[in-house]
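Please have the sequence and the structure at hand.

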Amino acid sequence: MDRAAIIGVGMTKIEKRKISQTFADMAWEAVNKALTDAGMTLDDIDNVVTTSSDFWDGRTISCMAVGDASGAAHKNISCVEGDGTYGAFYGMTRALSGSYRTTLVTGHTKGSESVSSLITNAAFDPIYERSLGMDMITACAMQARSYMHRTKTTAEQLALVSVKNHGNALKNPLAQLPMKITVEDVLKSEMVADPLHKLDCSPVSDGCAAVIIAHESVAEKFRQKPVWVRGVSFCADSFFFGDRDLSRARSLAQAARKAYAMAGVHDPKKEIDVAEVSDAFTYQELLWLEEMGLADDAAAGKRLERGEFNLDGPLPVNASGGLLSGHPVIAAGLYSMAAVVRQIRGDAGGFQVQKAKTGLVQGVNGLGGQSHCVWILDKDK
Amino acid sequence: MAEKENIIIESGDAVQPFAYSVGMHGSRFFAEIRDHKRFLGIKCPKCGKVYIPPRGVCGDCFVEMKDWVEVGPKGVIGTFTILRYAFIDPETGAQKPVPYGYGFIRFDGADTLFQHYINIEDEAKIRVGARVEPVFAGERKGSIRDIEYFRVID
């Protein structure tokens with residue numbers, strides 16, 4: 001199979017409220033940063049994929065409103081609604097299709113302009129779920145309870161994820177919430193929905209990220225050393241939350257297995273050097289790591305306590321600060337991807353980890369992790 | 001240059017009315033609750049899984065389901081949360097009184113979980129695995145609100 005690589009990344013700073021920027025303004029900033037990073041001009045871009053959600057944007061066909069600022073005039077533009085990693089997946093398949101060689105992928109969200117709980121409530125079934133008030137936090141609180149019940153993971157272990165990730169964010173100038181906090185601070189923060197405290201939850205955020213994906217025939221033509229896609233997979237589980245085993249993420253285990261197989265990764269615990277995973281809520285980092293085989297079943301909390309996921313540990317997880325430190329929902333996976341790309345290139349700045357040859361990126365879409373997209377990125381082709 | 005001014009335009013009270021079809025499975029499900037206080041699930045002919053709420057297709061097997069089976073009305077708590085944060089009621093736009101319990105119920109005879117409110121008067125009794133029963137609304141109209149909540153009967 002032909003190979004693809006990520007050859008440029010650009011992100012706005014993640015902020016609570018980008019009041020001076022429209023969606024298009026954010027796209028303009030991220031796209032130009034990605035082009036500069038790649039050493040490309042818009043003429044070098046063959047096609048564009050934008051990623052957005054009409055509900056979050058408060059309008060239909062939200063992708064078309066950012067086309068101009070994303071350089072899509074006179075080019076083929078398409079849109080993906082879901083996490084940014086899904087836009088990147090589609091963008092990669094386009095770059096591999098033979099029709100295009102380079103794809104510019106963007107993802108944007110402004111959580112600040114709406115009432116988040118109403119937006120996430122609208123993702124649920126209008127007949128059985130929505131009118132009861134089910135939203136992202138309610139769903140994830142129940143998933144957290146279910147995960148803790150099955151694995152005996154403790155509230156302290158959940159809190160430690162928050163401590164680690166907010167601490168890592170102190171080294172990432174793009175992060176919204178760099179904080180030096182303690183486990184006690186997390187446990188004393190307001191109980192939002194048992195067992196989730198306020199500091200177990202990611203914030204409402206605004207931001208836009210862009211990545212440029214190239215076919216191998218042109219991947220080395222530009223400024224950056226390419227970061228190669230070694231494996232990628234994308235799997236979905238049942239729509240109704242109640243159909244799933246809430247304490248698990250079957251579709252993530254499948255996606256990870258397929259991505260490892262494609263990448264030729266046999267022992268992920270040893271072969272993955274750095275990972276950025278979706279930590280919209282503290283428990284999710286631990287649950288996802290277990291489902292991807294990066295920790296034994298019910299043992300992620302213990303690995304965390306031993307410092308193994310710290311910036312200087314054997315498997316740094318969310319060295320950028322993760323989504324707990326800034327969560328522009330749709331763009332989230334592209335921020336994670338850009339963070340791993342920078343790790344592998346060795347230009348992650350303050351949050352650079354020591355060994356970063358092979359990295360893992362996980363993007364999530366659907367509440368409580370209905371579907372997952374797993375990428376294995378590598379310095380070597 | 002003058003100080004930067006950021007203008008905001010609010011959507012106001014604009015709404016987008018919508019008429020959702022409940023469909024043949026949901027219509028029978030709600031009519032049964034309204035008229036007989038009974039819960040109907042539907043069984044996959046291939047894997048045997050009993051789904052609630054009922055729908056036409058088993059996603060795992062990709063086959064049509066036609067076997068209706070009665071489940072519950074009693075069951076156990078699969079998982080739950082207690083909402084303590086001031087939420088907006090999507091039905092009315094008003095603040096919802098907190099705290100309130102929300103959970104997934106596994107009806108006797110069902111393989112999937114059904115979500116609804118859980119009465120939290122005796123919070124100590126709310127736990128995964130606790131037995132519950134539904135409390136129905138006095139006046140039932142054929143919607144999810146025909147059940148008021150579930151209560152622990154342990």
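**Exercise 1.** How many bridges join strand β10 (residues 358-365) of chain A to β11(A)?

*Solution.* The model is predicted: local features need pLDDT of at least 70 and side-chain atom pairs count only at pLDDT 80 or more, while totals for chains, interfaces and linings use all residues. Residues are numbered from 1 along each chain as its sequence is written, with chains lettered from A and ligands numbered from 1 in the order in which they are written.

Step 1. Strands (E, at least two residues) are DSSP runs, numbered from the N terminus, and two of them pair if DSSP finds at least two bridges between them.

Step 2. Strands β10(A) and β11(A) run antiparallel and are joined by eight bridges.

Step 3. Within this pairing, Val361(A) has Trp375(A) as its bridge partner.

Step 4. Five residues lie between the strands of this hairpin, where Gly366(A) takes a positive phi near 90 degrees.

**Exercise 2.** Identify the bridge partner of Val232(A) in β11(A).

*Solution.* Step 1. Strand β8 (residues 227-236) of chain A pairs with β11(A) in the antiparallel sense over eight bridges.

Step 1. The partner of Val232(A) is Trp375(A).

**Exercise 3.** Is strand β11 (residues 371-378) of chain A largely enclosed or open?

*Solution.* Step 1. A residue is buried if 20 or more other C-beta atoms, placed from the backbone, lie within 10 Å of its own.

Step 1. Ser371(A), Cys373(A), Trp375(A) and Leu377(A) point one way, His372(A), Val374(A), Ile376(A) and Asp378(A) the other, and all are buried.

Step 2. Eight of the eight residues of β11(A) are buried, so the strand is largely enclosed by the rest of the structure.

Methods: A residue is buried if 20 or more other C-beta atoms lie within 10 Å of its own, exposed if 12 or fewer, and partly exposed in between; C-beta atoms are placed from the backbone. Helices (H or I, at least four residues) and strands (E, at least two) are DSSP runs, numbered from the N terminus.
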